[in-house]
Amino acid sequence: MHDFKHINKFSIPCIKVERAKIPRALLGTSPFLAAGQFGIKSYKYYLEFIANRGNIKKLVSSCLKMGIIGIQLISYEYVAKEIFEASKETGIKPIVIGTYVPDEVESLDWLVKLEAIVGLIHAMITDERNDTKLSEAIDLIIDHGMMPGIVTHTPYRTLQWFLHSYSEKKKVKFIMAPLNYAGKFIDSTLSNIEALYTELWRSNYYLIAKKVLGAGSLNIEKSISYIYSKPYIATAAFGIASINEARETFTLITKYLGCE
């Protein structure tokens, strides 16, 4: 069903979607935002990545050199800028799957500057389940030359609406939604979510898994084994906060993708 090709040192395969090749594992950027789901670690991440500028660039540079070139960028200016600088420093161009943040003034500009191949609509829009607002945002992404997608924090409610009520679902190619073996960060049972994701996959949407590690609370190997056992998952984002985490996580990923 999918066309894979191996890339770089970690031998991460890619899935081909139209003109683009997207790695099946992406460097997630939520730790760089000190996002609230990390609990007590959020303050640590704030000090590491927000209070001390330059640390994102150092970590991303190391990841690029290790062959981790797929990045799921939540497009805040300070994060995007350091990824751009890491690319310049290493001479390695990342494959950016970007999330457009509507209340961040330069969010779309940075996605364009980084030549993002996919533009995802942030859940703050998607989860309103407002037909007009979502359609306007999707058209904005298309107008800027990116393949469009949506992000949701409430997958069961929002994606049921998307499948059965949203008028322009045919424009959407990618759906980013939470999935992990413990069923954390989802708004229904795990069996309901898996059935819904299977239905979306059979309807030719490419699913990007997030919250795969349960914001760092779940067993890494079990999480990776689970996510890559699901045929409906095209790729997954893994929030990484250190070089050691990157090595451990992506070594396991290559093992479970069968490309050691």
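Select helix α7, residues 155-164. Helices here are DSSP runs (H or I, at least four residues), strands are E runs of at least two, and both are numbered from the N terminus. The buried residues of α7 pack against α5 (123-126), α6 (131-143), β8 (147-151), β9 (174-178) and α8 (190-202). Those buried residues are P155, T158, L159, W161, F162 and L163. Buried means under 20% relative accessible area, exposed over 50%, and partly exposed in between (1.4 Å probe, protein chains only).

This is a predicted model: local features need pLDDT of at least 70, side-chain atom pairs count only at pLDDT 80 or more, and totals for chains, interfaces and linings use all residues. Residues are numbered from 1 along each chain as its sequence is written, and side-chain values use heavy atoms, leaving out hydrogens and water.

Next, select T249 in helix α10 (residues 243-256). Is T249 buried or exposed? T249 counts as buried because its relative accessibility is 2%. Leaving aside neighbours within four places in sequence, T249 is in contact (heavy atoms within 4.5 Å) with I220, I224, F238 and I240.

Now go to the salt bridges. Each is a side-chain nitrogen of Lys or Arg within 4 Å of a carboxyl oxygen of Asp or Glu. The whole structure has 9. Select E115 and K93, which meet at 2.7 Å, N to O. The pair links distant parts of the chain, 22 residues apart. E115 is partly exposed, at 48%.

Finish with K171 and E168, another salt bridge at 2.7 Å, N to O.
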